[in-house]
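Please read the points below with the sequence and the model open beside you. They are meant as a careful colleague's notes, taken one topic at a time.

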Amino acid sequence: MKALRILIAIGRNTFTELVRQRVFFFLLIFALLVIGNSAFMARLSFQEQFQMLKDISLGAMSVFSSMLAILATAGFLPKDMEDRTIYTILAKPVPRWLYLLGKLTGIFSLLAVAVLLMAALFLGVLWMQESSVLAETRAHLQNASAEELAMALKEVTDSTFQANLIPGIIVIFLKAALLASLTLFISSFATSSIFTILMAAAVYFIGHLQSTARDYWLAGVDPEWWMRLLAAAVALVFPDLQAFNLTDDIIAGTAVPMTLFVETALLGLLYTTVYFTLAAFVFSGREL
Amino acid sequence: MKRRLVVAFGVLVVSGAALIPLQLLIGRSASEAHFRTTSFDIGLRERIGQTGFLAALSGFRSPLAAILWIEAHTAWENTEWGRMAGIFETVTTLQPRSLMYWDMASWHMAWNAAIAAMQNEEQRSEVLRLKARREYEEMGRYFLERGIANNPDRYQLYLQMGMLQRDRLENHCAAADAFLKASEFPDAPPYAARFAGYEMAKCPGREREAYLHLRRLYERGESQRLPSLINLLGEMENKLDIPRAERIGSSPSTPETGQN
């Protein structure tokens with residue numbers, strides 16, 4: 001119970017600190033992107049407008065949440081050491097793992113709020129555009145038969161909101177949480193935040209190629225032993241970030257089966273747990 | 001800390017190995033659900049450049065496709081048909097599950113580009129204008145064929161193929177097949193089956209098949225008994241010399257509708 005109180009206190013403090021650093025200002029850029037995009041797209045057909053809006057908004061959500069996860073996590077350990085707040089906290093009966101977990105909880109909360117706000121903005125604009133196109137369609141088809149009107153309206157609603165967007169948005173959050181946990185692990189042995197950011201960015205790019213390296217390694221087609229070793233190293237050390245890229249296909253209208261969503265969420269949770277455990281293990285032996 | 005770091009990396013490798021079965025399972029589930037069907041080959045790399053390729057690999061396929069689509073729209077405004085075709089090729093490779101891209105690419109090529117080719121005043125030879133028109137129409141068909149190959153589980157592109165074959169290529173037999181295929185999907189609109197019948201009726205040698213198909217639709221009830229269907233059935237009954245007792249409206253079980 002006491003541990004939970006400490007966890008909540010550190011988490012809340014981290015969240016407040018990050019909010020004070022005006023990290024939510026990026027939402028203005030996101031809003032400009034989403035609203036500006038829909039204004040610019042007015043000359044396209046409604047199917048194109050909806051497709052562009054979903055493509056750009058979900059892509060931006062993924063970029064912003066990933067960047068936020070890496071930058072917010074990479075900065076806190078060096079900053080706490082520089083401010084000496086870490087010594088004040090750890091001088092009290094607070095285990096190092098609990099301190100890290102509290103910090104990570106604060107960052108997860110920030111990510112959750114950021115993703116929720118972006119999702120609300122995106123869905124709001126999508127809904128407004130849909131309402132406007134529906135009203136136009138009704139006006140144009142005033143004299144059409146009920147079947148014709150119903151089919152036209154269905155065509156509009158089919159191109160806008162799909163329930164599939166929700167698991168897509170959840171997976172964007174899970175990917176950001178995984179990246180935060182991974183950055184925390186790098187930060188636990190890094191000596192500067194620049195090193196942490198660069199390493200996390202490199203892992204981000206390599207992580208998207210992990211599945212290619214894994215398949216190549218498992219196929220065992222390369223006769224060169226060192227190529228097989230390199231592919232194995234990439235497959236074993238880096239996370240499979242390609243597994244979290246569901247939104248590209250969700251936007252295209254592909255339905256997400258529940259099993260795929262559950263398996264992806266499970267992979268995200270397992271990676272997050274593994275990286276956090278390793279971060280806590282390394283950090284507990286670090287000289288401060 | 002060094003020893004801890006070595007142990008941590010050891011654990012990282014072991015957990016990486018332990019998670020491989022789950023990763024493979026996700027790969028299988030994704031492929032069964034038609035996820036991640038994009039093929040990242042050298043052709044795509046050459047078309048979108050190194051940065052674009054990296055962006056596409058890093059999970060930004062759909063925003064990249066959207067940006068390229070806007071570029072294609074600008075090319076359309078400048079009537080640069082060749083450039084448009086190249087961009088469509090890239091966009092559809094990046095997002096092969098997006099029906100809108102296949103549909104619009106086909107429409108731009110088979111309608112806009114083909115009509116523009118026929119109206120091209122710079123080309124004096126009508127034969128060459130006609131050749132260019134045919135090439136663009138074929139390109140439109142090619143986009144739909146590839147779209148169907150990438151989305152065999154959805155009816156929309158079969159329907160578009162039917163319309164292309166009927167309205168641009170005037171191949172009624174192929175149009176009938178495409179509409180028929182679309183109508184087999186449970187979520188297809190009811191007109192797909194009617195269109196299949198209408199086109200079949202225009203396909204030489206398939207008149208009887210068309211009659212039986214349209215008759216089945218007629219017997220489904222009021223929703224399918226539209227004036228065009230009833231008129232066509234009447235014409236075909238005469239043409240195929242169907243006995244009076246078997247014609248529509250003659251049997252109490254299949255009364256003719258009064259709907260116009």
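How many residue pairs are in polar contact across the interface of domain 1 of chain B and domain 2 of chain B?

1. The rule finds 4 such residue pairs in polar contact across this interface, with both residues of a pair at pLDDT 80 or more. Please keep in mind throughout that this is a predicted model, and that the count rests on the coordinates of that model. On the side of domain 1 of chain B that touches domain 2 of chain B, the elements giving two or more residues are α5 (99–118) and α6 (126–150) of chain B. Of the elements on that side, α6(B) gives the most, with 10 residues. The residues of that side divide into 9 nonpolar, 3 polar and 8 charged.

2. For orientation, chain B is divided into domain 1, which covers 43–152, and domain 2, which covers 154–260. The C-alpha centres of these two domains of chain B lie 33 Å apart, and 20 residues of domain 1 are in contact with 13 residues of domain 2.

3. The area that domain 1 and domain 2 of chain B bury between them is about 1,500 Å², and 66% of it lies on carbon and sulfur atoms. Within domain 1 of chain B, the residues that lose the most area to domain 2 are B:Leu99, B:Trp111 and B:Ile148, which together make up 35% of what that side buries.

4. Between domain 1 and domain 2 of chain B the count is 1 salt bridge.

5. Turning to the two chains, 61 residues of chain A are in contact with 51 residues of chain B. The area buried between chain A and chain B is about 4,900 Å², of which carbon and sulfur atoms give 68%.

6. Which charged and polar pairs join the two chains? Across the interface of chain A and chain B the rule finds 2 salt bridges, and the count of residue pairs in polar contact is 13, both residues being at pLDDT 80 or more. A:Asp248 forms a salt bridge with B:Arg61, the closest N and O atoms being 3.7 Å apart.

7. Several elements of chain A give two or more residues to the side that touches chain B, among them α3 (46–83), α7 (165–189), α10 (247–251) and α11 (258–284). The most is given by α11(A), with 13 residues, and the residues of that side of chain A divide into 34 nonpolar, 15 polar and 12 charged.

8. Two backbone angles deserve a second look. Most residues other than glycine have a negative phi. B:His34, however, has a phi near 65°, a positive value in a residue other than glycine; B:His34 is found in the loop between α1 (2–32) and α2 (42–57) of chain B, and is partly exposed, with a relative accessible area of 24%.

9. B:Glu170 likewise has a positive phi, of about 50°, although it is not a glycine. The place of B:Glu170 is in the loop between α7 (156–167) and α8 (172–183) of chain B, and B:Glu170 counts as exposed, at 57% relative accessibility.

Terms used. Residues are numbered from 1 along each chain as its sequence is written. Chains are lettered from A and ligands numbered from 1 in the order in which they are written. This is a predicted model: local features need pLDDT of at least 70, side-chain atom pairs count only at pLDDT 80 or more; totals for chains, interfaces and linings use all residues. Side-chain values use heavy atoms; hydrogens and water are left out. Domain bounds come from an automatic or database domain assignment. Contact means heavy atoms within 4.5 Å. Buried area is the accessible area (1.4 Å probe) that two parts lose on being put together, summed over both. A salt bridge is a side-chain nitrogen of Lys or Arg within 4 Å of a carboxyl oxygen of Asp or Glu. A polar contact is a pair of N or O atoms within 3.5 Å; within protein, one must be able to donate a hydrogen and the other to accept it, and residues adjacent in sequence count only if both atoms are side-chain atoms. Helices (H or I, at least four residues) and strands (E, at least two) are DSSP runs, numbered from the N terminus. Ala, Val, Leu, Ile, Met, Phe, Trp, Tyr, Cys and Pro count as nonpolar, Asp, Glu, Lys and Arg as charged, and the others, Gly among them, as polar. Buried means under 20% relative accessible area, exposed over 50%, partly exposed in between (1.4 Å probe, protein chains only).
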